Amino acid sequence: RVMRVLVAEDDAMSRRLLQILLEQWGHEVVTAETGVKAWSLLEQEAFPLLITDWMMPEMDGLELIRRVRAADRLKYVYILLLTAKTLKEDLIRGMEAGANDYVTKPFDREELRVRLRAGERIVKLEQALSEQNRELHVIRKELEERVNARTLDLARTNEELRAEAAERQRGAKELAATQEKLVQSEREKREFYREVIRCVTKDKFHLVDRSEMPTEGELILDAPLNEIEDYPALRMELRRICAEHEMDSDLTGDFVLAVGEAATNAIKHAEKGRCLVYDTGDRLIARVEDNGSGIRTENLAPTILLPGFSTQVSMGMGYTIMLETVDRVWLSTGPEGTQVQLEKWIRPEDRPDPQFQATLDRFGDECQEEFTGMMNGIVGVEEADAPNEGDPEGGENPSDRPS
């Protein structure tokens with residue numbers, strides 16, 4: 001599918017070079033020589049990708065980016081900032097304004113192409129997930145209706161019992177029982193969300209309590225997430241770790257993207273965040289945690305399942321991107337803070353069947369150990385029954401068996 005790209009560049013030669021390259025790579029290109037003209041085009045037409053220069057007359061690149069991010073009516077736009085500025089402070093300003101990525105000028109053709117590919121993947125992901133938004137909206141509405149109906153029912157019962165409590169002692173006991181039902185209803189509501197989310201995501205997303213968060217493997221990275229400057233340092237460390245484990249470049253990009261989304265949320269909306277990375281041998285597991293206020297129970301389902309939904313000033317795509325780019329996600333959230341754990345297999349071919357793994361997870365650790373012992377016993381019996389090498393009965397040589 002052809003991707004429409006808007007190029008905002010005041011230098012005619014650079015603008016023409018960008019147009020030629022982008023068209024060679026199969027994109028539909030529209031150009032603007034000023035930020036004002038680019039903004040006018042964005043208000044009239046949809047452009048999934050925007051490449052903008054920083055220094056332009058009338059309206060510079062940063063102001064254009066801020067307007068795009070502030071315009072709620074615009075569809076998601078992936079923004080690549082072109083700049084001759086190389087100071088870290090300048091690059092941070094560009095990212096804080098709302099740019100997704102940047103390329104320094106004069107730009108390298110291959111670097112530009114690689115960064116555009118990353119932008120295309122995110123845009124296509126957003127477009128595909130928006131198609132699911134209608135179905136998820138129906139699910140959200142049904143959940144709200146069921147929860148509201150039950151809450152209204154219990155509230156009505158509670159009110160009736162309060163009136164009876166003034167007349168007799170038995171009414172007070174019934175009121176206390178109803179209040180307990182309300183507390184239980186909140187627990188059931190959270191458990192209901194947990195199961196619905198697990199079902200809708202096909203056992204990929206696990207909503208857990210903090211004490212249930214699994215810890216596997218050896219801790220190989222403990223990085224702070226307090227300032228915006230910690231973000232690029234974390235990305236470099238993640239890419240280094242993936243390279244040391246010989247992870248495929250596309251899988252590396254997915255892993256870095258997902259962890260980056262979680263880290264960005266921790267930096268923007270909380271304090272004293274950190275990122276822990278564990279190595280299990282066949283998987284890399286990243287846990288991003290903070291001490292923020294967490295997600296309210298009634299916002300859990302839409303925050304996780306609805307692309308674009310957010311209770312903060314952001315695009316609200318974080319959990320959507322995580323679900324599409326890693327193999328499993330765990331979330332623990334509450335007043336004590338939030339933990340997001342992301343699991344990525346180093347070699348996808350080693351990953352067990354997801355449905356079989358989900359069944360084992362539901363049995364629990366004791367049943368898994370019993371099942372593993374049973375399978376080891378079967379293997380031991382088969383090896384004991386196999387004829388020895390050189391068996392006169394004509395048994396096959398073990399070295400001749402296919403592995």
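## Getting started

Two residues are in contact here when they have heavy atoms within 4.5 Å of each other. Helices (DSSP runs of H or I, at least four residues) and strands (runs of E, at least two) are numbered from the N terminus.

This is a predicted model, where local features need pLDDT of at least 70 and side-chain atom pairs count only at pLDDT 80 or more, while totals for chains, interfaces and linings use all residues. Residues are numbered from 1 along each chain as its sequence is written, and side-chain values use heavy atoms, with hydrogens and water left out.

Let's start with a pair of helices. Two packed helices are described by the angle between their axes and the distance between the axes. Axes are lines fitted to C-alpha atoms, for helices over the stretch in contact, and angles run from 0 to 180 degrees between N-to-C directions. The axes of helix 7 (residues 230-244) and helix 8 (residues 249-269) come within 10 Å and cross at roughly 150°. Helix 7 and helix 8 are therefore roughly antiparallel to each other; angles over 145 degrees get that label, under 35 counts as roughly parallel, 65 to 115 as roughly perpendicular and the rest as oblique.

Who touches whom? On the helix 7 side it's Tyr231, Leu234, Arg235, Leu238, Arg239 and Cys242, and they meet Thr252, Phe255, Val256, Val259, Gly260, Ala263, Thr264 and Ile267 in helix 8. Sorted by class, this contact has nine nonpolar, three polar and two charged residues. Ala, Val, Leu, Ile, Met, Phe, Trp, Tyr, Cys and Pro count as nonpolar, Asp, Glu, Lys and Arg as charged, and the others, Gly among them, as polar.

## A closer look at valine 259

Valine 259 lies in helix 8. Is valine 259 buried or exposed? It counts as buried because its relative accessibility is 0%; buried means under 20% relative accessible area, exposed over 50%, and partly exposed in between (1.4 Å probe, protein chains only).

Leaving aside neighbours within four places in sequence, valine 259 is in contact with Leu234, Leu238, Cys275, Ala286, Val288 and Leu342. Arginine 235 is 24 residues away along the chain, and its C-alpha atom is 8.5 Å from that of valine 259.

## Helix 8 and helix 10

Helix 8 also packs against helix 10 (residues 318-325), at an angle of about 155° and with the axes 9 Å apart. That angle makes the two roughly antiparallel. Helix 8 passes helix 10 in a left-handed crossing.

Helix 8 brings Asp254, Phe255, Leu257, Ala258, Glu261 and Ala262 to this contact, and helix 10 brings Gly318, Ile321, Met322 and Thr325. Those residues divide into six nonpolar, two polar and two charged.

Now for the strands, which pair if DSSP finds at least two bridges between them. Six of them form an open sheet in the order 6-10-11-9-8-7, with mixed pairing. At the edges are strand 6 (205-207) and strand 7 (218-225), each pairing on one side only. Neighbouring strands in this sheet are turned by 15° against each other on average, direction ignored. Helix 7 lies across strand 7, strand 8 and strand 9, running at about 165° to strand 7.

Strand 11 (residues 337-345) is mostly covered, with nine of its nine residues buried. In a regular strand the side chains alternate between the two faces of the sheet. For strand 11, Gly337, Gln339, Gln341, Glu343 and Trp345 are on one side, and Thr338, Val340, Leu342 and Lys344 on the other. Strand 11 pairs with strand 9 (residues 283-290) in the antiparallel sense over eight bridges. Seven bridges join it to strand 10 (residues 328-334), again antiparallel, and strand 10 and strand 11 form a hairpin with two residues between them. Threonine 338 in strand 11 has aspartate 290 opposite it, and also threonine 333.

Another open sheet has five strands in the order 2-1-3-4-5, with parallel pairing. Strand 2 (28-32) and strand 5 (101-104) stand at the edges with a single partner strand each, so one side of each has no neighbour in the sheet. Neighbouring strands here are turned by 20° against each other on average, direction ignored.

Strand 4 (residues 78-83) and strand 5 run parallel and are joined by four bridges, with leucine 81 opposite tyrosine 102 in strand 5. Helix 2 (residues 35-44) lies across strand 1 (4-8), strand 2 and strand 3 (49-53), and runs at about 135° to strand 2.

Technical notes: Left-handed = near helix turned anticlockwise from the far one by under 90°.
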